[in-house]
Amino acid sequence: MRRLIIFLCLFTISSAFAQSDAKTPAAAIDAFMDKRFGMFVHFGPVTLRGTEIGWSRNKEVSQADYDSLYREFNPVLFDADKWVKTAKDAGMKYLVITAKHHDGFLLWPSAVSAYNISRTPFKKDMVGLLAKACKKQGISFCIYMTVLDWHDPDYPIHSPHDSLRNVKGSMPRFVNTMKSELTELITRYKPDMLWFDGYWEKPWTNEFGREIYQHIKKLDARIVINNRLGKESEKLNENSVGDFLTPEQRIGNINMLEPWESCITICNQWAWKPNDQMKSLKECIQTLVKTAGGNGNLLFNVGPMMDGRIEQRQVDRLNEMGSWLKRYGQAIYGTKGGPYAPNDVYAATRKGNYIFIHVFKQIDVLKLPALNGTTVKSVKVLGGSALRFTQADGLQVTMPGKLPNDNCTVIAIQINGNAEKLPVIKQLQ
Ligand code: FHN
């Protein structure tokens, strides 16, 4: 028995070190925030209908039809290496896969719950293949897991759309199942981050959230966890559970104190939708820049098609973002937001003794509020030529006649001190 306890302790410690280079949970959160840009993937049998994952069950798609889609689910063109390469080429540093969404279907061969990918014609362990591909290509592997499950009879809501909202269930049994599924995911696939969702429904409580949080931290103390295990969604405090805030489909406000990540779709729907409207390159780049300018990360969502491929137009758009990041990425990765809050003309990031101004529009003179006690030593287009500037009553920079990049051009301002210590200035241009 003594040997078993020693082994289990050593296993837990080694598995924690194996999962992240970070030495402490706080360092793991800092490392996560330095990544700035990740790929969100919403995928499952619902792609056979092209409707929204989870939400279209018992609505656009009958419950019986939706729950039998797994029998046809066979994304034969799924290639984990290609998904991960698409993320990498886009300049994304982490990938989050919906291993279990509200419809309860598991994208891994679980021994805990039978409603899983091993029972489909596809059969393969999609979560495992993505974990392996991420490790091979140096992308951080992360998992999305819902805390509500409209398919599980133990969960007391079987459909958000009708009277099946308060039926007999057993939350203690449901939470135990969730713990067992999480143990499988953590011990098999060693995710760096867990992205929970579904906290808003009545059966879920902060107490369940804290129970799950502790369960995860016992298995791997360095796993970063979002704030959706708890009911408090707007701030990190004694009523919240998790390590970072998660504004959704919007760019979060500048926040230098609490880690945060905006999750936003490249199209409109989270899961694949035929002919869905896709965001322009300008909107994609400026969304990323304004998020980083607010000191946050952007988790940008794609919904792969039923055959397992990500639509080429989405791959191409992400590639264009990657090209922009190849030129200006040093002004995004590992930076802090500010000191100027994002506005319609520019956003700002900073690192060491540099302030990066991400300019969205063609202007003659860039006017920046004074940074008390700071002297500007040089100003240039990042990767380009020096620019003339004056420092009377703030900073005025004479901009190039034509911006090198119409979507967003970065100006690098070298100062005489540490830019990361400057207070945030919320004054608009
Ligand atoms: O209901 C989900 C939705 O399907 C999607 O997964 C988003 C992603 O953050 N979260 C929930 C809506 O708030």
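Across the interface of domain 1 and domain 2, the rule finds zero salt bridges. A salt bridge here is a side-chain nitrogen of Lys or Arg within 4 Å of a carboxyl oxygen of Asp or Glu. Polar contacts do occur: seven residue pairs across this interface, both residues at pLDDT 80 or more. Such a contact is a pair of N or O atoms within 3.5 Å; within protein, one must be able to donate a hydrogen and the other to accept it, and residues adjacent in sequence count only if both atoms are side-chain atoms.

## The model

This is a predicted model, where local features need pLDDT of at least 70, side-chain atom pairs count only at pLDDT 80 or more, and totals for chains, interfaces and linings use all residues. Residues are numbered from 1 along each chain as its sequence is written, and side-chain values use heavy atoms, with hydrogens and water left out.

## Two domains

The domain assignment gives domain 1 (19–331) and domain 2 (336–421). Such bounds come from an automatic or database assignment. The C-alpha centres of the two domains lie 35 Å apart.

In domain 1, 19 residues are in contact with 25 residues of domain 2. Contact means heavy atoms within 4.5 Å. The two domains bury about 1700 Å² between them, 61% of it on carbon and sulfur atoms. Buried area is the accessible area (1.4 Å probe) that two parts lose on being put together, summed over both. In domain 1, Lys290, Tyr328 and Ala331 lose the most area to domain 2, together 29% of what that side buries.
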